[in-house]
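Trainee: I have the model open and a few things to ask about it. Can we go through it together?
Mentor: Go ahead.

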Amino acid sequence: MSPFQRETLYSSSREFTDEAVDELARAEKLNARIPDVFLGQAAASLEQWQFEQCLAQVAKAMEINPSSTQALNLKAACLMQWRKFDEVAPVLDQALKVNP
C-alpha cells in the first residue's frame with residue numbers, strides 16, 4: 001500500500017467516524033434512552049483512543065441496560081487496548097454470567 005493510499009484510507013475512515021459521531025449525537029438528542037447510541041459513541045471513542053470517554057459512554061449504556069453483553073464486551077475491549085489487563089477478567093466474567 002502506497003503512502004497516498006494509506007492517507008486516503010485513514011482520512012476516509014476518519015470522515016466516516018466523524019459522520020457517525022454526528023449522527024449518534026442527533027440520535028441521543030431525539031431519545032437518550034437507547035443504549036446503542038451510547039455504545040456507538042463508545043466505539044467511536046475507542047477508535048480514537050479516548051479510553052476514559054469510551055468507558056463513560058459504556059457506563060451510560062449500562063445504566064439503561066445493565067445486562068448488555070455488548071456493553072460489557074466493549075468495556076473489556078477498551079480496557080485491553082488501554083492495557084488495564086487486570087481489570088478485563090472481571091468484566092468478561094460479568095458478561096459470561098449474563099450470557100453463558
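Trainee: Which handedness does the crossing of H2 and H4 have?
Mentor: H2 passes H4 in a left-handed crossing, meaning that the near helix is turned anticlockwise from the far one by less than a right angle; clockwise would be right-handed. Helices here are DSSP runs of H or I with at least four residues, strands are runs of E with at least two, and both are numbered from the N terminus.

Trainee: Which residues make the contact between them?
Mentor: From H2, Asp36, Leu39, Ala42, Ala43 and Leu46; from H4, Gln70, Ala71, Leu74, Ala77, Cys78 and Gln81. Contact means heavy atoms within 4.5 Å.

Trainee: At what angle do the axes of H2 and H4 cross?
Mentor: Roughly 15°, and the axes come within 11 Å. Axes are lines fitted to C-alpha atoms, for helices over the stretch in contact, with angles from 0 to 180 degrees between N-to-C directions. That makes H2 roughly parallel to H4, because angles under 35 degrees count as roughly parallel, over 145 as roughly antiparallel, 65 to 115 as roughly perpendicular and the rest as oblique.

Trainee: Is this experimental or predicted?
Mentor: This is a predicted model: local features need pLDDT of at least 70, side-chain atom pairs count only at pLDDT 80 or more, and totals for chains, interfaces and linings use all residues. Residues are numbered from 1 along each chain as its sequence is written, and side-chain values use heavy atoms, with hydrogens and water left out.

Trainee: What is the mean pLDDT of the protein chain?
Mentor: 87, with 84% of its residues at 70 or more; pLDDT is the predictor's confidence in each residue, from 0 to 100. Over residues 1-12 the pLDDT is below 50, and beyond near neighbours in sequence this stretch has 2 contacts in the model. Where pLDDT is low, the predicted coordinates should not be read in detail.

Trainee: Which element has the lowest mean pLDDT?
Mentor: Helix H1, residues 3-30, at 67; helix H3, residues 51-64, has the highest, 98.

Trainee: Back to H2. Is Ser45 buried or exposed?
Mentor: Ser45 lies in helix H2 and counts as buried, at 3% relative accessibility. Buried means under 20% relative accessible area, exposed over 50%, partly exposed in between (1.4 Å probe, protein chains only).

Trainee: What is Ser45 in contact with?
Mentor: Leaving aside neighbours within four places in sequence, Gln50, Gln53 and Cys54.
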